[in-house]
Every structure is written in structure tokens, then in C-alpha cells.
Amino acid sequence: MKDTELVGVQKTLSPVLKAKALDNRLPDPILGDEYAEQAMRRLDPDYDKRRFGTSQMGLAAVVRAKAHDDWARSFLADHPDAVVLHLGCGLDARVYRIDPPATVDWYDLDYPSVIELRQQFLPPREHYTLIDSSVTDLTWLERILHGRPVLMIAEGLVPYLTETDVRRLLTSVVDAFPTGQIQFDTVAVWAWRTSKWDPTLRKYGTQFHCGFNDPAALADWHPRLEYVDEAPMNDSPVLMAKASANVRRMYRLMNLLPGMKRSTRIVRFRF
């Protein structure tokens, strides 16, 4: 099955899923996500047979997923009664990788066409709900359980939103819950402004719509929001340990360029 049913930014789920599928084939994978490999094979049976089909160039996306997973596990260990909002979930199998206890209610949200693919490719489970909606249509918040700690995860999502939409999303989540953690990744302003020329984004007919040189400053958007920390991505020790020699060389060279090392930042907030 090809991803012809997907349009624009929705198609970016394919290269990210491919990176996770290829990671699963490594002798010592970072995620070890069997669901990713199975879903990628169904989405595109020949994904690894074309030129550069088995390249590890996208392994940084796997490192990003691992950082989000680790933060999520830590939060859920301290808040076993939490509600999880996994926004722009794509075909990511995070709920299966983390396997939260039955006391956690987990929501995966994405466009209807993506949710339809999830229903075909990934199995149902208890205390797990799919929501077919645009992230920016905040009426989906009315369908979520409230009054409990919340964990909001937005992997590979925020750069595709406008700054206005990001602000509405973050402040609305903080207003809706008593306490929680918000984690997402974002890009630098230069990466946002040059994204219209990015060959990968051009291939999928999309581009970034916002970027932040100091994402910690987003805590100023709400009096209850507090910046916690960030996790490495392009210079991650895990990336350098797991990637092939040619990919390690490429990232080392890239990271010598001004602003490249932290062009993508994985950040965590709490309230």
C-alpha cells in the first residue's frame, strides 16, 4: 500500500516511519520498534529496495523518538494516573513501545486519513483512543478526560504549525489540566525560513511555518508554564554510537556549521 491517500505534511510520516523501520533492523537498535517495520512494509513494500533504501541518514529522527520515549516513561512512572495526548501521532507506535499501565488513558490524534491507516496497521488496546482531527481545531480537547495530570507529546509537529497556533495549543492544554508535562521538538528560525528550499520538504509539498532560536522563552506564554530542559539530537551520543561510519561523518561535518548542531531542539516544559 502506498501513501497516496496522504497529502502535504501528512506524507512526512513516511520518511520518519522508514527511519524507525530501518533502526529495527540494526543488530543493536535504538528503538527496536517491530511495529514500525511492519507498518512501513505495508505502507510501501519496496521501501528498502530503491537507491539509498537502507541508508541511515534519517537516524536522527529515531534519536528524537527515543528522547520523547524516555521523558514519557519518566513522567508516567511518577504519574501513573496520567492522561497522554500524543499529537500528530502519524504511524508512530509509541503507546506500544511504552506500554503504559491500565491507569493511563492515552489519546493518539492526527488527520482522519492518518487515523484510518493506524486502524489498518496497528492493533487496538484498552484505555487507548484515536481522535481524527486537525491539531489546530481545539474542539478535540472537549473529548479528553480532564482533572488528571497530562502528558502532551508533539514529535515532528510544532514546526509545521504557525506560531499563533502553537501558542493557542500550549496555553489551551495548560488551562485544561491541573498539572502536566509538555514535550515537543522545534527548529531554529533560520531552518524555518529556509524550509521552502529544503529538498525533503519540497518532495512532500510542505514547509515549516515557525521556528524559535530560544524555545525556553515559550514559557512566558503562560504564567504556569516552566521550561525544564532539552535533549540532544544532531549531536546525540546515541546517534554517534549507533549510526554507520559514513552517517557519523556526515553529522560531524554538519555540526561544524554555525547553528546546525542545535537547529532542531527537543524541549520539555512542565506546569
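**Ground rules.** I number residues from 1 along each chain as its sequence is written, and side-chain values use heavy atoms, without hydrogens and water. In this predicted model, local features need pLDDT of at least 70 and side-chain atom pairs pLDDT 80 or more, while totals for chains, interfaces and linings use all residues.

**Strand 7.** Buried means under 20% relative accessible area, exposed over 50%, partly exposed in between (1.4 Å probe, protein chains only).

I then looked up its partners, where pairing takes at least two DSSP bridges. Strand 5 (residues 180-187) runs antiparallel to strand 7 over seven bridges, and strand 6 (residues 226-231) is joined to strand 7, also antiparallel, by five. Arg270 stands opposite Gln181 and is also the bridge partner of Glu226.

**Aromatic rings.** I found six aromatic pairs. Rings of Phe, Tyr and Trp (its six-membered ring) pair with centres within 6.5 Å; planes under 30 degrees apart are stacked, over 60 edge-to-face, the rest tilted. Tyr35 and Tyr96 are tilted, at 4.8 Å and 35°. Tyr35 lies in helix 2 and Tyr96 in helix 4, so this pair ties together parts 61 residues apart in sequence. Tyr35 is partly exposed at 31%, whereas Tyr96 is buried at 13%. Tyr160 and Phe208 sit edge-to-face, at 5.2 Å and 70°, and both are buried.

Notes:
Helices (H or I, at least four residues) and strands (E, at least two) are DSSP runs, numbered from the N terminus.
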